[in-house]
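Open the model in your viewer and keep the selection tool at hand. This tour says what to pick next and what is there.

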Amino acid sequence: MTVLCLVEPDATAGAGLADASLRALALAGRLAESGGESLAAALAGEPTPDQLAALGSAGVTDVHAITSPRLSGYAPAAFGRSIAGLLPVAAPAAIIAAATDHGSEVMAHLGAIIGLDLVANCVEATWSDAGGCALVRYRWAGSLLEDAVLDTSPALLTVATDAPGSAPTVAAGGAPKVHQFEPELADSDLLAEATESAVGGGAVSLATARVVVGGGRGVGGPEGFAPLEELADLLGGVVGVSRVVTSQGWRPHRQQVGQTGTKIAPELYLACGISGAIQHMAGCQAAKHLVAINTDPDAPIMSRADYAVIGDLSQIIPALVAAIRARS
């Protein structure tokens with residue numbers, strides 16, 4: 001038996017694997033180790049040398065490269081169908097993906113296709129003595145942890161993007177073996193095929209970005225995001241927003257950080273003009289470093305920040321941009 005992990009490319013580096021996928025691989029490796037199983041991976045297209053190196057370091061022994069002339073873009077139903085078709089070949093005891101937008105959507109389609117429940121936002125998983133999959137997962141926007149046992153085969157899990165990334169204790173092997181897999185797809189699987197446009201930091205996902213520059217009501221309006229976009233580009237990050245910004249129609253919902261938006265776990269979250277309501281903090285509590293800029297020293301986010309800057313965004317952000325450009 002094996003544990004199969006779906007992995008995504010790192011849009012920032014262009015050749016490696018997304019940080020969220022590395023965390024999913026770490027959990028998948030620990031699950032495989034607990035049951036004495038092998039670890040396999042699946043990805044869309046041919047793996048690059050950097051991806052193979054990362055997979056080998058994670059302990060992956062087999063890589064299933066899903067290729068088809070009909071898959072020219074991101075088609076979630078088609079990828080879900082592809083994984084379903086891969087089951088007889090890979091014979092996985094569990095299928096795991098990062099809880100990114102793509103990972104969650106593909107796994108939801110897979111669960112619907114094969115008729116099994118999907119457990120989301122896991123941070124740990126091991127095989128129990130009774131044979132089920134013992135899980136720890138986030139509930140209530142990460143405010144508590146739930147212990148549960150999933151008794152289905154294969155187990156379908158997504159891994160929280162800020163889950164612990166420690167690898168299993170078994171030493172990784174050499175380069176994994178690549179297996180080509182061309183799925184059988186119906187026209188109905190390709191009815192929805194998405195393309196993504198660059199919004200602020202290129203094609204980097206908000207959920208996996210290492211730097212997020214957030215903007216709230218204090219930005220003042222749609223035009224106030226131009227300096228934040230410039231700063232995010234310089235830092236290799238993306239722009240995120242608070243709920244009120246999307247409610248006002250200033251920015252699209254896909255950029256919202258929070259309980260009803262995207263949970264982020266960047267190395268740096270620079271929150272500009274955001275008060276820090278509890279729903280927003282639920283989405284950014286996994287940030288490694290939080291810097292808040294606000295004119296209100298009593299804003300809730302200021303007491304949660306590692307560094308708090310009291311001042312006018314219209315002066316502080318241009319000064320930051322100028323200082324970064326001067327050093328580049």
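Start with a term for surface cover: buried means under 20% relative accessible area, exposed over 50%, and partly exposed in between, using a 1.4 Å probe and protein chains only. This is a predicted model, where local features need pLDDT of at least 70, side-chain atom pairs count only at pLDDT 80 or more, and totals for chains, interfaces and linings use all residues. Residues are numbered from 1 along each chain as its sequence is written, and side-chain values use heavy atoms, with hydrogens and water left out.

**Stop 1**

Select Asn121. Its place is strand β5, residues 118-127. Helices (H or I, at least four residues) and strands (E, at least two) are DSSP runs, numbered from the N terminus. Phi of Asn121 is near 60°, a positive value in a residue other than glycine. Asn121 has 29% relative accessibility, so it counts as partly exposed.

Now go to Ala91. Look in the loop between α3 and β4 (92-98). Ala91 is partly exposed, at 37% relative accessibility.

**Stop 2: helix α1**

Select residues 19-34. This is helix α1, with 16 residues. From first C-alpha to last it reaches 23 Å, close to the 22 Å expected at 1.5 Å a residue. The expected span is 1.5 Å times one less than the number of residues. How many of the 16 residues of α1 are buried? The count is 12, so α1 is mostly covered. Among them are Ala20, Arg23, Leu27 and Leu31. Gly36 follows α1, and its phi is positive, near 65°.

Stay in α1 and pick Leu25. Leu25 is buried, with a relative accessible area of 1%. Show its contacts (heavy atoms within 4.5 Å). Beyond neighbours within four places in sequence, Leu25 touches Cys5, Val7, Leu17, Leu39, Leu55, Ala58 and Val60.

**Stop 3: an aromatic pair**

The structure holds 1 aromatic pair. Select Tyr74 and Phe79: their ring centres are 6.3 Å apart and their planes at 20°, so the pair is stacked. Rings of Phe, Tyr and Trp (its six-membered ring) pair if their centres lie within 6.5 Å; planes under 30 degrees apart count as stacked, over 60 as edge-to-face and the rest as tilted. Both Tyr74 and Phe79 are buried.

**Stop 4: helices that pack**

Select α3 (residues 76-90) and α4 (residues 101-114). They pack at about 55°, with axes 8 Å apart. This makes α3 oblique to α4. Axes are lines fitted to C-alpha atoms, for helices over the stretch in contact, and angles run from 0 to 180 degrees between N-to-C directions. Under 35 degrees counts as roughly parallel, over 145 as roughly antiparallel, 65 to 115 as roughly perpendicular and the rest as oblique. The residues that meet include Phe79 and Leu87 in α3, and His109 and Ile113 in α4.

Next, select α5 (residues 226-235) and α9 (residues 313-327). Their axes come within 10 Å and cross at roughly 30°. The two helices are therefore roughly parallel to each other. Among the residues that meet are Leu231 in α5 and Leu320 in α9.

**Last stop: a cis peptide bond**

Select Ser153 and Pro154. A cis peptide bond joins them, with omega about -5°. Pro154 lies in the loop between β7 (144-150) and β8 (155-159).
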